[in-house]
Structure formats: structure tokens, C-alpha cells
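User: Please take a close look at the aromatic rings in this structure. I would like to know how they pair and what sits around them.

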Amino acid sequence: MCTLCRTKPGRPVNPPDGGWGWMVAMAGFVVSACSYGVMRSLSVFFVTWQDYFSVTAAETGLIQSIITGVLNLAAPIAGALSNRFGCRVVVMAGGVISSAGFVLSLWATSLFHLYVTAGFMTGFGNSLSLMTTMATIGRYFTTHRLRANSIAAIGASVVSFAFPPLFQYLMDEYTWRGALVIIGGIVLQVAGFGALVRPIVLKSDVTTDRTPEKVKDSSTQSSRLSGNSTTVNFTTEKYSLNRVILDKIGSVLDISLLTESRFLLFCLAVFLFGFGRFVPNIYIVPRARAFGVEEYPSAFLLSILAIGDIVGRGSVGLLPEWPRFRRVDQFAMNSFLMGFITLFAPLAKNYVTMAVYSASYGLLMGGCVPLLYSAIAEIGGANRMSSALGIIMFLRGIGNLAGPPFSGWLRDITGSFDATLLEGGGCLVLAGLLPYLLHLRVFQPAQTEDKVGGRETDGTRLSLMAAEREESNTASAQNHETMVVIRETSL
């Protein structure tokens, strides 16, 4: 993942930690707003779609779960496409695909049509634009990386405050079909701001980039030197190809993480977190409508939640870190409190109590994302951050995809939205309790030294081993060439 953006050859530089990177962060603000921000605000269409297509709550809630699930599950595809075509092209293409998904929903004749257009197409386009932009921001910054990521991530919270009333107004004026077309035009702005995502060539790319073309050229040269034996040449090329495949897999994903009990336990906690996290976002508006709240005040509950989300994302960075209460524990406490207040959410039966719950849940939800990234670095190690993040994003995507339909199924069989809130709150409480088991001796790492400073990291060992193999093969090829020349001279 270190070579996430392919560019034209240029002078490699160190991360500028600013400069044009702030423009990339601004592009990330827009991309985040048009992906997560729009997805959160689609709850205002829930009742309209359910009545128009005469479907169940579980079937209607699947639209938003498809968007969120595909956004996370397609992250490896976004990385591969950005390696092949460049980050700027992929971000702009993602904006076009997401916009096309909303526009094509104009001709939807069934809910399945919306699954494909507003669900899968939009989620896939969001994954291309959002994942690639956030990865590019990480290449531009070092010490200011947290600040740049905050600028990009807060875009979703800002528009989540403004979009629900706007979408309700558009739906009243132009019906839900016309509203989706206008939303498609809003999302198309990602294509324009994607042009700001300028690729950058880092010095680390030059020292660690080993492409298949380079290995192929090396193996071809070795094959010419040993032209007397076709079988040996074929074996050498096959060995080189297998080595390239293994190196590529090792550079993208560190499978050894799946053998660590600490990491597996944290993965289970994150899966449960994803399973219950978006349940209040999806069902808070239809639940308010079920209690007789008008359309606009119901939609404004999402805006209240977004205000709390903005405050939470801005204030979580002020939390200190104690030796016995590190980021993993803070993330666990945050998840536990989210679930705890959600378990009591069924008691909110008037608009004031619903607004208090929305603000409280939004405040805690805003702090969960920065704490999660910090917790992943502590569990997997900073040197294996990309691999740990990829695995956990995939599992969280599965939870996001399965959670809302299951809660909708509970709504259908019980006839009440309270069951959905209890299910979501229970998952969040369990997700908050599991990480505290990491303090048990059975889950303690075998070596307590610092993974980066105290001992050689796994990524460093892999890089050194790859470099030693390459130098050994190069030396063997040169020795063979020398022997051929000497033999020809003697003859």
C-alpha cells in the first residue's frame, strides 16, 4: 500500500507535511461529505420508500447497509485501481459512479433497483473516492497527519447537520425521484475536487518499490545468460513469479495478524461495533414519525446527532493517554457508553428526550472513529498499520452490511422500533466490554518490548529479507555472466 498512487517519473521527496497536502485535505472534506454525509442523511427517505414500494423495514434498511458495506468491502479494489491508474483518476471516477447511481434511481421500479443503483453503485463509487483520498492524505503528512485527517473526516459531520432538512425539502418539492437526481448532482462535485488529489512520489517508494516488470527484466537477463538450458530458465522465471506474488501479498496484508489472539479478540469487538453502530442513525427518524412527530422535526434529529458528532470529533483529540488507560481502553469505554445510552433510548417517547439522546449519541459516535484508528495502531503495531486496518475495515464492513437488515427484521416481527435500539445497544455494550479482556495474562503479547523502537519489526524483517534475496540473485547472475565470458574466452 505504500505505492498507492502511481505517477509520472519525477524527483522523489519526503512527505512535505503541508503545502499542497492541505488542498488534498480540503478535497477529502468534500469527498467525506458526499460519501458518509449523504449516506447518513438518506434516513429521511426511509418511510417514503417503505410506503411507495410496500416493503418491510428490513428490506428498506438494506439500502443504507449496502452503501456502508460496499464502501468498506471494496477498499482493496480501490487500492488496486489506484496503483494501476493513479489516485487522481480513481477519485474522480468514484465521484462519477456515485453520482450515476443516484441519477439512475430516477427510473427505479422496485426496491431491488435501488439496491443496485443507490446502494451498490453509490457505495462502490464512495469507496473509490474516499479510501484513495484518505490514503493520499497519509502520504502528504507526518506530524500534521491527525489534523489533516480531522479536516477531511469532519466533512461528513458538517453536512449531516445540513442535508437531512434539505433532502426533506427536495422530496416535498420534487418527489423522492427528483430529490435523488439533485443529490446525484451534489455528489458529482467529488469529480471536480478529485482533481486536487495530486499524486506524490516519495523517497520510500523508490527504495522499496519492486514492481513485477523489474523482476521480469531481471529474470529475462538471467535467462539470456543461461540459454543452454531451457528447463533451468523456465524454473527461474517460475520462481521469480512466485516470489513476486508472495512479496505482493506480504506487502498488502500481514497474515500473521490472524494468528494473534489479541488481534482476533479486537476484530470481534470491531465487528460487533459495526453491527450496531448505524442502527440509531437509520431508525431514529422513522421511530420519531411513529410517535407522531412531524416530518421536518423528525429529520432535524439527524442534524442534532450531527452537531454532537462534530463536537465529538473535535474534542476527542484533547483526551490524554494514561499508561493503564490507553487508546484501546478509551475506544472500549466510548463504545460501551454508546451502547449504554442506546439501551435506554426506548424510554425517549417525546421530542425533547429524543433530541437529548440524539445529541448524546452523536457526541460519542464522533469520538469513536479517531479512537478506533489509534487503537488499531496499538493492537497491530504502527509498522503493521496498513494490514491491520485493511482486515478490520473488511470486518467492520460485514457488520455494517448485516446489522441494519437484522434490526429491521426485529422491527417487522415485533412491530416496534424499540427492539432495534435494544439490539444495537446490546452489540455496542458487548463491543465495549471485550477489549478489556486484553488486560488478562492470556492475551498479553509474548514479547513486551516496543514493536518499533525496541526490536526489529516484522515489516522491517520482510523488507530486509526481500532485499537480501534480490542482492543474492543479482550477484548470482553477475557471477554466471562472468563464468560464461571466461569460458567463451578459453574456447
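Analyst: What follows goes through the ring pairs, and then the charges placed over rings.

The model is predicted, so local features need pLDDT of at least 70, side-chain atom pairs count only at pLDDT 80 or more, and totals for chains, interfaces and linings use all residues. Residues are numbered from 1 along each chain as its sequence is written, and side-chain values use heavy atoms, with hydrogens and water left out.

A pair of aromatic rings is described by the distance of the centres and the angle of the planes. Rings of Phe, Tyr and Trp (its six-membered ring) pair if their centres lie within 6.5 Å; planes under 30 degrees apart are stacked, over 60 edge-to-face, and the rest tilted. The whole structure holds 19 aromatic pairs. In one of them, phenylalanine 45 and tryptophan 49 are stacked, because their planes are at 20° and their centres 5.1 Å apart. Both phenylalanine 45 and tryptophan 49 are buried, where buried means under 20% relative accessible area, exposed over 50%, and partly exposed in between (1.4 Å probe, protein chains only).

Tyrosine 52 and phenylalanine 53 form an edge-to-face pair, because their planes are at 80°, with centres 4.9 Å apart. Tyrosine 52 is partly exposed at 47% relative accessibility, whereas phenylalanine 53 is buried at 13%.

A charge sits over a ring if NZ of Lys or CZ of Arg is within 6 Å of the ring centre and within 35 degrees of the ring normal. Arginine 198 has its charged end over the ring of tryptophan 20, 4.3 Å from the centre. Arginine 411 lies over the face of phenylalanine 417, 4.4 Å from the ring centre.
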